Amino acid sequence: MPLAERSLQLRSLGDYAAEARQRNGRFVLISGEAGIGKSSLLEELEQAVPDARWWWGACDGLFTPRPLGPVHDIEPLTGLLADLTGDAAPRERLFQGILAELAAEFTVLVVEDVHWADEATLDLLRFLTRRLRDVPALVVATYRDDGLAARDPLTLALGELSNQRAARRITLPPLTPAAVALLCEGTGHVAAEVHHLTGGNPFFVSEVLRGPAHGLPGTVRDAVLARLATVSDHGRHAARVAALVGLRIEPALFPVLGPPAAIDELIGCGLLDGDGPELRWRHEIARRAVEQAMPAHHQPPVHRAILQALLDAGSVDHVRLAHHAASCGEAFAVLTHAPLAAELAAAVPSHREALAHYRLALDFAVGAAPEVRAGLADAAAEQAALVDQWEESAAHCRTALEVWHALGDSLREGDTLCRLSRALWHLCDGRGSMGSSRSALALVEPYGDSPQFARSATNMAGAYLLDGQNLPALSLAEKAADLAARLGLPDVRSDALRIEAGALRAQGRPWEGPMRQALHVALDAGHPRQAGGAYTAWVDGLADQFRFAEAETVLAEGLAYCEQRDVPTYANGLVGERVRILEMTGHWDEAVALARRHLAKVTLSFPNRLHATVSLARILVRRGEDAADLALEASRAADGIGDPQWRLPAQLLLAEHAWLAGDDDTAAEHVRRASYAALRFGPTSQGLVATWQRRLGLPHPEVSLEPWASWLRGDTSAAVAAFESLGSPYAAAAVLLDSATETGLREALARFEALGARAAADRTRQRMREAGLRAVPLGGRATTRAHPLGLTRREQEILERLCGGATNDEIAQQLFISVRTVDHHVSAVLAKLGVANRREAVAAAHRHGLLTAETGET
């Protein structure tokens, strides 16, 4: 492990060495806990001061240390030691002899671990410290300061030594979280967890990073248990109890640990810190080592004693109470405290922790009343849904449903069915989701305008919307929103308004008013699930209408909200939307990188995978790369969900895949399937499908929405300008491709190449050859692969002229292409170089040696 956060201390030691070299000797005390890096610091100094004579000695942690043990370690002094002790010479002669040796030449004398020093070694340090004036020596003593008692001989000696003129002190603190994060890069370990576990102790950090991401390294465990072996039986018992208590031990629990002397032993050996009113483990990793070494059958009685002590002290720490209750099998206490801990965690919010507490309660609810079990299962299902754990959510819903049905509680059964319908939809069971929604509404409708009816009606409206039944969705959502407002149910009202907005959007009507209202209702009432849903739906609507700048603004706000309130279900959905926007706006490299990171998440529901999967597959298809598995995954998931909003992009992806491969018949079949979905999913989708129908020679409906209408009627200039203003470069290139004119095809080819859409560029060349055009440019695939940064031949030409100071207008004149084409090429060059502007591109070109000699001199 590299030396981290020790530059200040190393610089100080270097300064002291420089003073000693000038015959102004220094004595330096370096303190810090075990493993803090005292030896590593001195080894680094040895590399920085190679002209010194280095003498290393160390004190041994023996019950009876050898007198002057460090002197015996230093080979040049062993002869002197034998001569001066063989004839029973007084000790002062030995000390004088060592001082004379130090005075002979520039020397660094290191005495390590003086907390184990014998009295003679301490006397030697006192002797040398008082006599370092005019001596070219740096004497360094290291010691542990994590277990010194007030009357320890070293404590008294330190007081004397520190007052000497030549003395200096250096204390090594633990590593900060920033340093630990730097050391964790590329290891697979989570920096915050490593810092919490180790307390920033460099030895513990290095040992943890050498091992797997989970579990304690054997070296750490052995080091901790070796310390524990030095204390009495009472001390070991106290350590085991303290390990089960946790990182902090408040005074109310001191009696559980045992006699005060046992606690003093743990402080003395450096395991516990006794500063302040409570005790603390110095390192979480040490606590875990002791806990794991304790036999399992010894633990329940200790947990029971801790639980009782906490209850007697009036503790309201429900997390700790539930933990100790579970550890000793006290079911009643678990069912009392775990749900309260879950409610507190959800309010923070920390929904993963809330789910964990509900799981714990359910484990102990076997003998509880049925309604208690069902209530816990419903609560766990809700928390699981918020963290994108839909299989678990569905399982908890089924557990609750059995109970509510058996008890004949139709209202509670209806609520649980609504929750199950959402889980099934996320699990790609569209039919099951619709069936649960219908059953829920049928169960609660006879009870009139109840809160359960408002929820079930909203849920059914959402099911209608997802199925493309926009009119019944709108009617039922409006009714539910009105009822929820009258009943004071802001969460239900927010959901209903969001569904109302979605139904209006699908009909091509103004929709943002209800959507904005849905969000504000959720935010004002503090309902994160509804707010997350509103943010996601709003971004989806804006992106669907190619309003990318507005979508990015709402997305950034929504993502910050969902991450701050621990709602990964909707945070994941918004990341998928970001991938989609990056793909649609031509930022493909960024989209691919984000999509791959997103899809690598362990917990990610199918709907939250779909946007990223479709966009990633579409980019790869357009680049001529393999995307068959991704396309198949998207198609199967969309078919399972059954909703038009998912089947449409999946079918168009398959259509584009087939068309770029030259299979127009298969492409046409997928477009026909997409057209059925588009009929129920709004004007933008209908316009997109119609352009594919036109491209493949299929009948298509009239579309009034721009820029699709201009595209379909052959107004190429208007459609291209519109897509450029919207920020969708691939769509603009596709319009030019469909123009079937020589100018349009050549411009389309240039744009596709600038985007890196090699498959689309190849299909354009095919069109050009079919049209009988001459001088069809060859593909740049081979040269692109050969280029160190993936630039095409044209992009390299543009880069060289850019580095020569030419403007885009001048480059267009030199290469006989349009300024617009140059603009696209320049954007592609900047992206591939990973820079933001022309000045940075020039610097990168020189740095990577991308310029010819002539250009480089310009």
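Aspartate 388 is found in the loop between α20 (370-386) and α21 (390-407), where helices (H or I, at least four residues) and strands (E, at least two) are DSSP runs numbered from the N terminus. The structure is a predicted model, in which local features need pLDDT of at least 70 and side-chain atom pairs count only at pLDDT 80 or more, while totals for chains, interfaces and linings use all residues. Residues are numbered from 1 along each chain as its sequence is written, and side-chain values use heavy atoms, with hydrogens and water left out.

Although aspartate 388 is not a glycine, its phi is positive, at about 65°. With a relative accessible area of 4%, aspartate 388 is buried (under 20% relative accessible area, with exposed meaning over 50% and partly exposed in between, for a 1.4 Å probe and protein chains only). Phenylalanine 546, in the loop between α28 (528-544) and α29 (548-564), likewise is not a glycine and has a positive phi, of about 60°; phenylalanine 546 counts as buried at 11% relative accessibility. Most residues other than glycine have a negative phi, and most peptide bonds are trans. A cis peptide bond, with omega about 0°, joins glutamate 706 and proline 707, and proline 707 is found in the loop between α36 and α37.

Leucine 696 lies in the loop between α36 (683-695) and α37 (708-712) and counts as buried at 16% relative accessibility. Residues up to four places away in sequence being left out, leucine 696 touches Trp659, Asp664, Ala667, Ala668 and Val671, a contact meaning heavy atoms within 4.5 Å. The C-alpha atoms of leucine 696 and alanine 667, which are 29 residues apart along the chain, are separated by 8.1 Å.

The chain has 47 helices and 8 strands. Three of the strands form an open antiparallel sheet in the order β6-β8-β7, two strands being paired if DSSP finds at least two bridges between them. At the edges of this sheet, β6 (248-249) and β7 (272-273) each pair on one side only. The antiparallel pairing of β7 with β8 (residues 279-281) extends over 2 bridges, and aspartate 273 stands opposite arginine 280 in β8.

For the chain as a whole, the radius of gyration is 37 Å, whereas a compact globule of 858 residues would have a value near 29 Å; the radius is taken over C-alpha atoms, and the globule rule is 2.2 Å times the number of residues to the power 0.38. The C-alpha trace spans about 115 × 85 × 40 Å along its principal axes, and buried residues make up 54% of the 858 residues.
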